[in-house]
Amino acid sequence: MTKPMPSPGASAKPFTVAHAQADHWGLAAKACLEGVAAAAPEADLGLLYATEAFGGDLPSILTFLRETTRIQRWVGGVAPGVVAGTSEYRDCGGLAVMVGRLPDGAASCFSGLDVAAVRARLGVGEGPHVALVHGDARNPGLAALIDAAAGSDGFLVGGLMSAAGPPAQVAETVVSGGLSGLLLSPGVELVAGLTQGCTPLGGEHVVTDAWEGVVMGLDGLAALDVLKAEAGDLIARDPRRAAGYIHVGLPVAGSDTGDYLVRNLVGIDPRQGWLAVADRVAVGQRLMFVRRDPNAAQRDMARMLEGVARRLDGRPVRAAVYVTCVARGRHMFGRDGAEMEMIRDALGDIPVIGFCANGEISRDRLYGYTGVLAVLPGDRP
């Protein structure tokens with residue numbers, strides 16, 4: 001089969017999205033193929049995200065899509081959930097596919113554990129660069145990989161894929177272990193936004209005693225006493241009520257937007273007054289307590305989308321990827337697809353797919369309980 005030559009304007013057209021739910025990966029893949037078949041002859045890039053129900057079938061899905069569309073470059077992987085259009089698929093067999101074309105030389109697939117080697121192979125130095133990235137949630141050194149991949153002047157958007165089952169990332173082939181994704185050339189613009197899913201309970205505190213991930217003292221007091229004073233009587237009477245509701249926020253140094261990284265509160269020692277945090281915390285570091293707040297999350301989502309729309313400044317959207325924490329969705333907004341509907345209401349019926357992540361990546365940091373939106377703008381009308 002000879003692939004038709006792309007039309008002159010193919011690299012400026014919107015991408016095409018298809019998604020499906022099925023009991024068998026083949027049925028879902030065929031349904032997605034039907035949805036992108038008309039756009040495939042002009043496309044040279046595909047994104048695919050599958051739910052964990054299809055985790056063992058990822059090589060078959062990739063082979064099927066490559067052979068039927070003739071598109072060789074694919075990135076994506078397996079995640080706890082996938083999103084597309086205004087739909088969200090969890091706890092079922094779900095597949096989302098997006099195909100389109102970028103200008104020649106505008107993007108390169110990458111994967112690997114040695115980020116310095118990857119950057120050298122792609123010819124990326126320390127200059128500005130943007131990448132869509134997918135990480136292996138099982139890699140304990142992932143935070144360092146993210147920092148190295150961003151370098152001093154890079155901007156990453158993406159998230160962590162499935163932590164269960166076989167290799168869960170796609171970068172031309174099925175890979176695992178480190179970071180993978182799509183590196184964009186400096187001439188390709190992405191408009192990105194980050195939205196938080198928690199709200200601070202109070203102000204910042206200084207860590208005065210800590211070891212690894214155990215915070216023993218805050219502001220010279222027992223850490224648990226500070227938490228009780230800030231979280232209120234309900235938590236003070238029974239600290240176990242904090243589980244899954246109260247988290248730790250680590251303020252981002254130098255941020256002019258009050259940005260912070262949310263980390264789980266994984267243990268409480270009532271006798272010693274110590275708190276265990278899912279990250280390393282050092283003496284002198286600042287820390288605050290935050291709580292999951294659906295109303296605040298909805299308001300912040302609206303704020304983020306308003307900012308993205310403002311920066312688009314009337315330009316159309318060619319493609320968008322949305323990465324949302326696995327703890328958001330129905331767990332925060334009450335139903336599946338709520339975030340995707342908010343994106344549609346703010347930006348229109350744009351081509352958008354994405355996934356529910358085990359951690360979200362924005363710029364050079366690994367977040368939690370957040371949503372990350374990356375938009376590829378088109379030319380101004």
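Me: What makes the link between the side chains of R328 and E339 a polar contact?
Reply: In this predicted model, the side chains of R328 and E339 come to 2.9 Å. A polar contact is a pair of N or O atoms within 3.5 Å (within protein, one must be able to donate a hydrogen and the other to accept it, and residues adjacent in sequence count only if both atoms are side-chain atoms), so a pair at 2.9 Å qualifies. Before we go on, residues are numbered from 1 along each chain as its sequence is written, and side-chain values use heavy atoms, with hydrogens and water left out. As the model is predicted, local features need pLDDT of at least 70 and side-chain atom pairs count only at pLDDT 80 or more, while totals for chains, interfaces and linings use all residues.

Me: Why is R328 called buried?
Reply: The relative accessible area of R328 is 0%. Buried means under 20% (exposed is over 50%, partly exposed is in between, with a 1.4 Å probe and protein chains only), so R328 is buried. You will find R328 in the loop between β22 (317-325) and α8 (330-333). Those names follow DSSP runs numbered from the N terminus: helices are H or I with at least four residues, strands are E with at least two.

Me: What makes D136 buried, and which backbone atom does its side chain reach?
Reply: D136 has a relative accessible area of 8%, and therefore it counts as buried. Its place is the loop between β8 (129-135) and α4. The side chain of D136 reaches the backbone nitrogen of G177 at 2.9 Å.

Me: How do you know whether R311 is buried, exposed or partly exposed?
Reply: R311, in helix α7, has 43% relative accessibility, so it counts as partly exposed. R311 and A192 are 119 residues apart in sequence, but 9.3 Å apart in space, C-alpha to C-alpha.

Me: Which residues of α5 are buried, and how do you know which side of the helix they take?
Reply: In helix α5 (residues 223-231), the buried ones are A223, L224, V226 and L227. They cover an arc of only 155° around the axis, which puts them on the same side of α5 (the arc is that of the directions from the helix axis to the C-beta atoms). In general, an α-helix has 3.6 residues a turn, so residues three or four places apart point the same way. After α5 comes G232, whose phi is positive, near 105°.

Me: Why do β19 and β20 count as paired strands?
Reply: Four bridges join β19 to strand β20 (residues 274-277), and the two run antiparallel. Strands pair if DSSP finds at least two bridges between them, so β19 and β20 are paired.

Me: What lines the largest pocket?
Reply: The largest pocket holds about 610 Å³ of space. It has 24 lining residues, and those closest to its centre are L194, S255, T257, D259 and R303.

Me: Which element gives the second largest pocket the largest share of its lining?
Reply: That is α4, with three residues.

Terms used: On a 1 Å grid over the protein atoms alone, a cavity is a set of points where a 1.4 Å probe fits but cannot get out, and a pocket is an open set with protein on both sides within 12 Å along at least five of seven lines; lining residues have an atom within 4 Å of a point. Grid points are joined across faces, edges and corners, and a volume is the space filled by probe spheres set on the points.
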